[in-house]
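Hello! Here is the structure I promised to hand over. Have a look, and then read on for what turned up in it.

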Amino acid sequence: MAQTTLAPAAPSVASQLHGWDHIEWWVGNARAVTAWMASGFGFDVIAYAGPETGVADRASYVLGQGDIRFVITAGLGPESEVARHVLAHGDGIRHLAWRVDDAYAAASTAAGKGATVVAEPTSVNGDAGTVTTAAIATYGETRHLFVDRSGWHDGWGPGFSSDRLPVRPAGPGVGLALIDHVVGNVEQGRLDDWVAWYIEVLGFSEMRHFDADQISTQYSALRSTVVHNGAGVVMPINEPAPGLRKSQIEEYLDAYRGPGVQHIALGTRDIVSAVGSMRDRSVRFLTMPAAYYDDAKERLTGFRLPWEDLQRLEIEVDADSGGYLLQIFTETVVDRPTLFVEIIQREGATGFGEGNFKALFEAIEREQARRGNL
Ligand code: FE2
């Protein structure tokens with residue numbers, strides 16, 4: 001594919017994105033993390049790349065459920081950039097990948113606005129066509145990947161095979177459908193810079209802002225701004241704010257050794273069924289005291305909600321002018337207190353559970369205290 005020449009009025013990067021392509025985790029043991037995401041969260045393993053498929057230096061498993069695609073990758077030697085990333089950060093998120101029509105154009109637009117291109121556009125051929133990717137740097141060592149699959153016809157991509165995959169674990173399905181939002185943590189004082197970067201460089205817009213007085217407990221506080229591309233890519237960014245004790249964001253930054261992805265929110269049409277199934281599959285969630293439900297029933301009198309199920313499963317509720325949402329947060333899903341997963345069901349509400357922030361952060365602080373980090 002030839003380098004695309006851009007006209008002066010080139011569309012923004014934001015307008016070139018067709019939503020999430022995948023999220024790539026860089027981990028120490030891809031086989032084990034894959035098994036955990038399959039058994040606990042109900043993902044199917046849909047493709048594999050490694051020495052058996054001609055990829056010498058890494059092993060990658062592709063997980064699929066609804067429209068969600070995770071790639072779980074581990075390096076196969078100490079010289080691997082994946083291994084080096086894991087040594088620094090523990091298991092975490094390396095690539096936030098977006099689908100585009102033209103990876104050359106997306107990278108060129110981003111570079112023209114000042115983004116750092118860390119992987120030039122590259123087309124890789126395989127038995128089902130061509131996939132073109134390019135990468136730019138964002139917060140910490142996290143990367144955004146532009147993925148053009150328009151020239152690819154079958155399966156995941158070059159180097160991946162769907163032969164001899166691990167079998168699906170037994171148990172009822174979970175029913176996770178899509179990536180709702182992906183949240184990053186950055187250092188204190190850097191939030192506004194990163195928001196400006198997403199707006200000015202990538203053409204995103206600001207959706208919401210929460211100041212420290214809106215997101216605080218007795219002990220700790222944070223500031224958060226949500227940016228989005230207007231077509232399904234929603235990215236809140238947090239920074240710690242001064243508080244009496246260590247903010248959960250500071251704990252993350254210490255443990256991850258810098259900025260990175262804090263949580264991935266996965267949408268479902270039936271959170272009661274999804275969380276029931278995940279609990280049966282041994283996923284653990286933050287706990288919510290009974291008093292939360294007494295308070296929530298008073299806050300949310302306008303909605304007919306299955307309170308018994310919500311309290312039994314410790315699912316939280318919030319509402320805004322558009323409707324309500326149900327949400328729940330796992331404990332951290334990796335060894336360090338860094339990455340976790342949110343499950344969310346939106347019934348008209350477009351917020352992020354603002355009414356639950358205080359109760360949730362108190363739940364997180366109970367976990368911080370168990371780790372001696374509060
Ligand atoms: Fe969230």
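How many residues of domain 1 are in contact with domain 2? There are 42 of them, and they touch 39 residues of domain 2, where contact means heavy atoms within 4.5 Å. Before going on, please note that this is a predicted model, in which local features need pLDDT of at least 70 and side-chain atom pairs count only at pLDDT 80 or more, while totals for chains, interfaces and linings use all residues. Residues are numbered from 1 along each chain as its sequence is written, and side-chain values use heavy atoms, with hydrogens and water left out.

**The two domains**

Domain 1 covers 13-148 and domain 2 covers 176-371; these bounds come from an automatic or database domain assignment. Their centres, taken over C-alpha atoms, are 24 Å apart. Together the domains bury about 3300 Å², with 68% of it on carbon and sulfur atoms. Buried area is the accessible area (1.4 Å probe) that two parts lose on being put together, summed over both. Trp20, Phe41 and Tyr139 supply 23% of what domain 1 buries against domain 2, more than any other three residues.

Across this interface there are zero salt bridges (a side-chain nitrogen of Lys or Arg within 4 Å of a carboxyl oxygen of Asp or Glu).

**The iron ion**

His181 (NE2), His263 (NE2) and Glu342 (OE) coordinate the iron ion at 2.0 to 2.2 Å. Donors are N, O and S atoms within 2.8 Å of the metal (3.2 Å for Na, K and Ca); water is not among the atoms, so sites may look incomplete. Along the chain, the donors follow the spacing H-x81-H-x78-E.

Happy exploring!
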